[in-house]
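I went through one model and noted what I looked up, entry by entry.

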Amino acid sequence: MSKIQLRIYDLRKRKNIGQRELAGHLGVSVQTISKWENDISMPDISLLPDIAAFFQVTVDEVLGLKPLPGETYIPVPSGEKDYWESRLHYLQASRKAFWNQDYLAFLVQKVWNLQDPVQILDCGCGFGYMGQVLLPLLPKGSAYTGIDFSRNMVEAGSRLFAKSGLPGKFICDDFLTYPFRQKYDFVISQAAMRHVGNTQAFLKKMIAQTKSGGLVVAVDVNREFECDGFYIDGMDYQELCSRSGFRKMWAKELYCQDRDYAIGMRLPVMMQREGLRNVDVRINDKVSFVTPGKADYAACVEALLAEKQWEQPCSPQDEEPIIRQFINHGMDRKEAEDYCRRQRKMQAYVEKNRENLTYLQWRGLIVSYGWKA
């Protein structure tokens, strides 16, 4: 059963009426309206159609099972720096399984044919993961610059580079507004554009910071692929990759926030329209197959728990803000509650079987690239 969240108070305020006027229309006491609005009691089922008709909404909307018409959209804050200040642990956990080093070497040496030292700019760099995996593969003399607006990320990256002796520096600022004083041979972003609100402006800035003849690379996802790319042995795959409500949410986020769930699929077209030449596309081949007996098995399971934010049990009180956000973004309450239920089920299964767990994870990262004329 979906949890009822009566919206009578919100509807009254929208209509700018008091409890007494609503009570008079419905033939109940003011105290009854107050009890409804304070979750002390529920309206009789026979009154629900009258309440819905009075406010010109549906019964589902009265009960909080669907968002109210025209309800103010609350943007996902993942394009803002404060969102990322506390997510270093998540980013470090998820990036561990992003690339096969041999495939990245193939791209560097055979596809992009990088034979001379390059100056790299990593846009929305986080803790500099791309620099850490790219620099050992690039010609000697190459150097890395990463820019990110999260101070925690930039400081972590600076420490990692200093510890490993990698040639690089970090800028703590907003990539879109930072006044760069130089241009770069190789400009890259990874899993950044899925979070920003204006992907066209982000790509334009990447190209603007690239030298003539330089390489622009954007690595990003299609959320449809992500949904299909997770399998836990012993669980129902159809349930694991369920999209119930997500297509509605992705469509609303794209419309209201320009947060593009399929940016990985659109980037090659965008690059071509912006004048890059020889635009082409690859798929990152990394599939994580984790099973007991692997040398790094325990570390992989710990990383999975951190990435999925399953390290601590989630209570119904913790879930309610998530449910409300999903409803605000286009899901109905049942779809949002089903999502939370699936997450609880997966979390419980992984925790119960963490010593004997087998799973596959494929992120479906799409690698789009082209050269500046």
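**Cores.** I began with the largest nonpolar core, which has 41 residues; Trp99, Trp112, Phe186 and Val217 have the most contacts inside it. I took a nonpolar core as a set of buried Ala, Val, Leu, Ile, Met, Phe, Trp, Tyr and Cys residues joined through side-chain atoms within 4.5 Å. Buried stands for under 20% relative accessible area, exposed for over 50%, and partly exposed for what is in between (1.4 Å probe, protein chains only). Two or more residues of this core come from each of α7 (88-95), α8 (101-111), α9 (129-134), α10 (151-164), β4 (184-190), β5 (210-220) and β10 (366-371). I noted that α8 gives the most, with six residues. Helices (H or I, at least four residues) and strands (E, at least two) are DSSP runs, numbered from the N terminus.

I then listed the contacts of Trp99, leaving aside neighbours within four places in sequence: Leu104, Leu107, Tyr129, Met130, Gln190, Val219, Asn284, Lys286 and Val367. Contact means heavy atoms within 4.5 Å.

**Basis.** The model is predicted, with local features needing pLDDT of at least 70 and side-chain atom pairs counting only at pLDDT 80 or more, while totals for chains, interfaces and linings use all residues. Residues are numbered from 1 along each chain as its sequence is written, and side-chain values use heavy atoms, with hydrogens and water left out.

**Helix α7.** I found Leu88, Leu91, Ala93, Ser94 and Arg95 buried in α7. Their cover includes α6 (81-84), α9, α10, β4 and α16 (297-307).

**α11 and α15.** Helix α11 (residues 199-208) packs on helix α15 (residues 263-273) at an angle of about 50°, with the axes 11 Å apart. Therefore α11 is oblique to α15. I used axes fitted as lines to C-alpha atoms, for helices over the stretch in contact, with angles from 0 to 180 degrees between N-to-C directions. Angles under 35 degrees count as roughly parallel, over 145 as roughly antiparallel, 65 to 115 as roughly perpendicular, and the rest as oblique. On the α11 side, Thr199, Gln200 and Leu203 meet Ile263, Leu267, Met270 and Met271 of α15. The contact of α11 with α15 has five nonpolar, two polar and no charged residues. In this classing, Ala, Val, Leu, Ile, Met, Phe, Trp, Tyr, Cys and Pro are nonpolar, Asp, Glu, Lys and Arg charged, and the others, Gly among them, polar.

**Ser368.** Where does Ser368 lie? I placed Ser368 in strand β10, and at 0% relative accessibility it counts as buried. Its C-alpha atom is separated by 8.4 Å from that of Val216, 152 residues apart along the chain. Beyond neighbours within four places in sequence, the contacts of Ser368 include Val217, Ala218, Gly264, Leu267 and Met271.

**Positive phi.** I looked up two residues other than glycine. Ala191 has a positive phi of about 50° and lies in the loop between β4 and α11. Gln309 has a positive phi near 60° and lies in the loop between α16 and α17 (316-328). Ala191 is buried, with a relative accessible area of 8%, whereas Gln309 is exposed at 59%.
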